[in-house]
Amino acid sequence: MSEQMGPRESILIAGGGIAGLTLALALKRALGAGFSVIVADPAFVARQARPDTRAYAVAAAAQAMLQALGIWDKIADGAQAMTEMVVSDSRSGDAIRPVFLTFDGEVEPGQPFAHMVGSGALIEALTAACREAGVDLRGEGVARFDSGESGVSVVLGGGEVLRARLLVAADGARSKLREQAGIGWVGWGYGQSGLVATIGHERPHGGRAVEHFLPSGPFAILPLSDGGRLGHRSSMVWTERSENVPALLSLDEEGMLAEIERRFGLELGEIALESPVSAHPLGFGVARRFVGERLALLGDAAHLIHPIAGQGLNLGLKDVAALAEVIVDAARLGLDPGAADVLEGYERARRFDTVAMGAVTDGLNRLFSNDATPLRLARDLGLGLVDRLPGLKRFFIREAAGVAGAPPRLLRGEAL
Ligand SMILES: Cc1cc2nc3c(=O)[nH]c(=O)nc-3n(C[C@H](O)[C@H](O)[C@H](O)COP(=O)(O)OP(=O)(O)OC[C@H]3O[C@@H](n4cnc5c(N)ncnc54)[C@H](O)[C@@H]3O)c2cc1C
């Protein structure tokens with residue numbers, strides 16, 4: 001090894017989103033003081049000024065991993081179990097919305113298939129745990145890097161040069177690092193945006209998640225822990241055609257609430273906005289490779305999917321479990337964690353699952369964001385069929401919970 005390339009035991013993660021921070025914590029916890037883990041992200045500075053108000057559905061397998069890493073107990077109080085899921089198909093003006101599919105949301109008795117978790121609380125808990133475990137957190141981005149046979153040389157935004165055995169690109173869907181590595185991206189935009197807000201309501205949601213399939217796309221109401229002005233809260237993820245979004249965002253609060261109410265329905269009583277409405281353009285994409293020379297792509301940097309099934313972050317956390325496992329296994333044997341065969345193990349573990357989930361969410365969105373009558377009839381028959389077959393429902397629940405197949409150790413809730 002060339003002296004220039006720095007210690008054998010060092011990994012630099014570009015991007016301190018949920019995926020990057022969880023990987024850093026898993027590695028540091030398993031490999032300890034002799035192994036240096038650095039996370040670089042300019043957001044460590046910006047986040048303090050602008051807290052994140054989004055919420056995510058965290059599947060049972062990802063929850064088990066957060067439990068094994070000691071994070072779940074820190075966020076459990078604010079998490080809301082999803083105990084039921086209801087899917088309806090309708091036009092937004094319809095007074096009565098036919099229910100086509102219901103799931104009671106338990107993978108095993110007493111284990112809900114997902115919990116809604118605040119993104120801000122999760123990032124805060126992960127950041128504090130990383131700091132406590134000795135992860136080196138840098139409030140600067142990665143400007144560029146240069147991979148060589150024995151290591152990678154990384155230049156931070158301020159000009160400092162760091163050396164590591166492996167660079168992990170966890171820098172989101174528009175990953176500059178992926179681009180710099182020359183790794184292609186197969187993807188397209190949906191011409192849709194996700195409008196996200198916290199909605200307060202008068203009546204309790206009872207842990208029920210509701211997804212109305214409206215012609216412009218799915219409208220999801222996901223249960224949050226109680227609180228706010230009206231006592232109860234849900235997270236709204238409203239998929240809308242992007243061309244309609246500027247006009248919607250320019251509405252005053254009363255006008256916006258009226259638009260939300262038309263789609264939200266009346267079951268939960270009076271509603272109120274508990275946060276500003278933010279808009280996120282939606283797209284699909286998968287990197288042509290998940291690894292390069294001394295480089296691994298993680299989370300949205302490797303794949304971007306439609307939020308229709310609430311699985312984007314969960315896919316990223318599955319990447320974390322698989323990458324942490326191959327790195328830790330190699331490091332414990334004294335092997336180079338950035339070597340090509342180690343990285344190939346990661347790519348093999350993740351590519352098929354990612355492409356499969358991407359295809360399912362893409363297909364669901366295309367099927368449901370459409371008002372053509374024959375298509376409505378076909379999908380309604382399809383949903384009705386799933387509803388009547390408990391075996392098939394169980395299959396879907398286990399897939400959504402991330403516990404199907406033979407998951408890596410962290411996803412089974414085991415320590416590395
Ligand atoms: C409307 C909507 C609803 C969603 N709902 C769900 C849900 O219910 N469940 C679910 O599982 N998923 C959901 N998702 C998907 C989820 O938001 C993403 O999959 C997840 O946030 C990706 O996490 P990440 O850590 O990979 O990337 P990001 O969260 O994008 O983090 C990337 C980080 O990299 C940093 N960065 C960028 N460039 C650099 C650089 N050069 N150097 C260093 N750092 C850099 C950024 O500052 C950022 O902090 C939803 C998405 C949308 C749009």
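Visitor: Among contacts in the protein chain between residues at least 6 apart in sequence, what share joins residues at least 24 apart?
Guide: 75%. Contact means C-beta atoms, placed from the backbone, within 7 Å. This is a predicted model: local features need pLDDT of at least 70, side-chain atom pairs count only at 80 or more, and totals for chains, interfaces and linings use all residues. Residues are numbered from 1 along each chain as its sequence is written.

Visitor: What makes alanine 331 buried or exposed?
Guide: Alanine 331 has 21 other C-beta atoms within 10 Å. Buried takes 20 or more, exposed 12 or fewer, with partly exposed in between. Alanine 331 is therefore buried. Buried residues make up 47% of the chain's 416 residues.

Visitor: Where is alanine 331 found?
Guide: In helix H9, residues 312-332. The chain has 12 helices and 23 strands (DSSP runs, numbered from the N terminus: H or I of at least four residues, E of at least two). The C-alpha atoms of alanine 331 and leucine 31 are 7.9 Å apart, across 300 residues of chain.

Visitor: Why are H1 and H9 called roughly parallel?
Guide: The axes of H1 (residues 18-31) and H9 cross at roughly 25° and come within 9 Å. Angles under 35 degrees count as roughly parallel, so H1 and H9 are roughly parallel. Their crossing is right-handed (the near helix is turned clockwise from the far one by less than a right angle).

Visitor: Which residues of H1 and H9 meet?
Guide: Among them, Leu23, Leu27 and Leu31 in H1, and Val320, Leu323 and Ala331 in H9. The contact residues divide into 15 nonpolar, 2 polar and 1 charged. Ala, Val, Leu, Ile, Met, Phe, Trp, Tyr, Cys and Pro count as nonpolar, Asp, Glu, Lys and Arg as charged, the others as polar.

Terms used:
Contact = placed C-beta atoms within 7 Å. Axes fitted to C-alpha atoms, helices over the stretch in contact; angles between N-to-C directions. Parallel < 35°, antiparallel > 145°, perpendicular 65-115°, else oblique.
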